[in-house]
Each structure stands twice: as structure tokens, then as C-alpha cells.
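This briefing is intended for a reader who is new to the structure shown below. Please keep the sequence and the model in view while reading.

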Amino acid sequence: MTTAALEIQHLNKTFRSSDKATHVLDEIQFTLAKEEFVSIIGPSGCGKSTLLKIVAGLDAEYEGTVRLDGEVVRGPGKEKGFIFQEHRLFPWLTVEKNIAADLSLKDPDVRRRVDAMIELVRLQGFEKAYPKQISGGMSQRVAIARALLRKPQVLLLDEPFGALDAFTRNHMQESLLDIWRENRTSMLLVTHDIDEAIFLSNRIVVMDARPGKIKAIITVDLPYPRNRVSPSFQALRTEVLGALNHIEEDDAGWQI
């Protein structure tokens, strides 16, 4: 993991209205290596989701440079997959048709790739099910499969498990880790959950707020699979909390 898939340099973002300007991102700089998993964590309002939208090409009003595989990001594209907190599936389409989306399952290559994605996210037997017939966790796996089908260079995840119960969330974290280790797509995850960031990531970008800026980048030097109750895991948890300890508890917005 030595080659940068994503490079963010001197990124600044200001929201402007007729009567004021709000500086929300300040001199953001970091890289995401090919096949790397990086999490971004910080208090509510620090600009994590705004940063992800800029990387996705959904917001072009900023200063600085965002490069993906050496090319400046100028807008949305299939090279960037995006997973939202809500799965955003089409309720009138089955699991397999949601994964294919605008592609035809009558195309043998598409059919083969969709079948491979269904196996990757472990949804065999649910190909013909509709979103209302499957759980929230399964719906998010469909969304992940749909994004990966386009073979993105980077998968962007904006708190994809935030609406799930604790048991399902832990299960989905394990599933996402399996998918990442098998597929090796670079992943950039926004989360409020410190344990989630440590469990999944190679590195954690800790952000401060008002305006959002990078306070620390912490390397997670733990072997996979990770034990959430191990002393080394808890030591990293303490380190991340230490980077956030200047923010008042009632304003934090993260999960501990």
C-alpha cells in the first residue's frame, strides 16, 4: 500500500450566503493509498460529510486539489462509489436488479458480475427479494454490491451503519471488512463510532471542528481480525479519545 489512490491537498471549503460566510474545512491534507482503509472521525459539524461529497465530485465549490489516481476530481464518476447512511435502493426492483441498476441482466457479462457480487456480499437466495422483504443490514449490503459492481477506484462510505442496531452494526462491520479484504478496493469511511474506526481501519483521520481541520492521523497497527476487548485495541481507543478530549462531551457527537 505505497501508491496513493486519493490525494487531498490544501482543501478549504466555505459556505456563503447573502449575509455571511462560514468556513467549514480548513487546510485538509491527507492521502489514501491503494487498497487502504481509512476512517474519518470527529464531532458533529466538523465537515466530514462535506469532505466526502467533495471527494465524490458532488461539490465543486472549494479551494485546493483532490486527485484520484493522479487525475483531478472534477465531478461524479464511476471511479468513485458512494454509500450513504440510507441504502437508497429502488423499492420496485429486486435485489439483483438493484445491484445491476441501469445495466441489463440480459447481458451475460453483467449477469456474471451481479452473481459474483451477490456471492461476495453473501446474499445468495435473496436475488428475487424486494427491499421491503430484507433487513436494513442486508439492504446496505445490496448498496455496497451495487457500488462495487462498477469497479470504483475508491469506495466512499458516509456512516453506512449509523441507523442499524448495535448487533447488526457489528455484523455489518465484519461483513465490510471481509468485502474489503477480498475485493481490495480503497475505502474512505466517515463514522462517529470510535470502535468501528479502530476495528476496520489502517489509519484514522481525527478531525476538529469550527472550522473542520485535521487534529491527528493515527495508524492502527493491529493484525486482522481485531479483538475489541484486547489491551492493544483499548489503548488505541484511549489514543483516539485523547485526540478528541478538548471537545466538550455534550458537543461531541461520537459513540464510545
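The model is predicted, so local features are given only at pLDDT of at least 70 and side-chain atom pairs only at pLDDT 80 or more, whereas totals for chains, interfaces and linings use all residues. Residues are numbered from 1 along each chain as its sequence is written, and side-chain values use heavy atoms, with hydrogens and water left out.

**Annotated domain**

- The unreviewed UniProt entry lists "domain: ABC transporter" for residues 6-234; positions follow the numbering used here, feature names are shortened, and annotations may be inferred rather than shown by experiment.
- Residues 6-234 are 31% helix and 28% strand, and their end C-alpha atoms lie 29 Å apart.
- Helices (H or I, at least four residues) and strands (E, at least two) are DSSP runs, numbered from the N terminus.

**A covered helix**

- Helix α1 (residues 48-56) is mostly covered, with 7 of its 9 residues buried; buried means under 20% relative accessible area, exposed over 50%, and partly exposed in between (1.4 Å probe, protein chains only).
- The buried residues of α1 are K48, T50, L51, L52, I54, V55 and A56.

**Salt bridges**

- The structure contains 15 salt bridges, each being a side-chain nitrogen of Lys or Arg within 4 Å of a carboxyl oxygen of Asp or Glu.
- One of them joins E79 to K80, whose closest N and O atoms are 2.6 Å apart; E79 is partly exposed at 27% relative accessible area, while K80 is buried at 9%.
- Another pairs R112 with D109 at 2.5 Å, N to O, and both residues lie in helix α3 (residues 108-120), 3 residues apart, about one turn of the helix.
- Within this pair, R112 is exposed at 51% relative accessible area, and D109 is partly exposed at 34%.
- The side chains of E196 and R169 also form a salt bridge, at 3.2 Å from N to O.
- Because E196 lies in helix α6 (residues 194-200) and R169 in helix α5, the pair ties together parts that are 27 residues apart in sequence.
- E196 is buried at 1% relative accessibility, and R169 is buried at 7%.
- Salt bridges with shared partners join E96, R111, D115 and K128 into one network.

**Negative patch**

- E119, E174, D178 and E182 form a negative surface patch; such patches are made of residues with over 30% relative accessible area and no salt bridge, with like charges joined within 9 Å.
- Helix α5 (residues 166-183) gives the most to this patch, with 3 residues.
- D178 is located in helix α5 and is partly exposed, with a relative accessible area of 33%.

**Backbone details**

- The peptide bond from R210 to P211 is cis, with omega near -15°, and P211 lies in the loop between β9 (203-208) and β10 (213-219).
- The peptide bond from Y224 to P225 is likewise cis, with omega near -10°; P225 is in the loop between β10 and α7 (231-244).
- E35, a residue other than glycine, has a positive phi near 70°; E35 is in the loop between β2 (21-33) and β3 (37-41) and is partly exposed at 36% relative accessible area.
- E159 also has a positive phi, near 45°; E159 lies in the loop between β7 (154-158) and α5 and is buried at 15% relative accessibility.

Methods. Patch = residues over 30% accessible without salt bridge, like charges linked within 9 Å, V, L, I, M, F, W, Y side chains within 5 Å. Areas by Shrake-Rupley, 256 points an atom, 1.4 Å probe, with all protein chains shown as cover. Lys, Arg positive; Asp, Glu negative; His and termini not counted. Charge placed at Lys NZ, Arg CZ, Asp CG, Glu CD.
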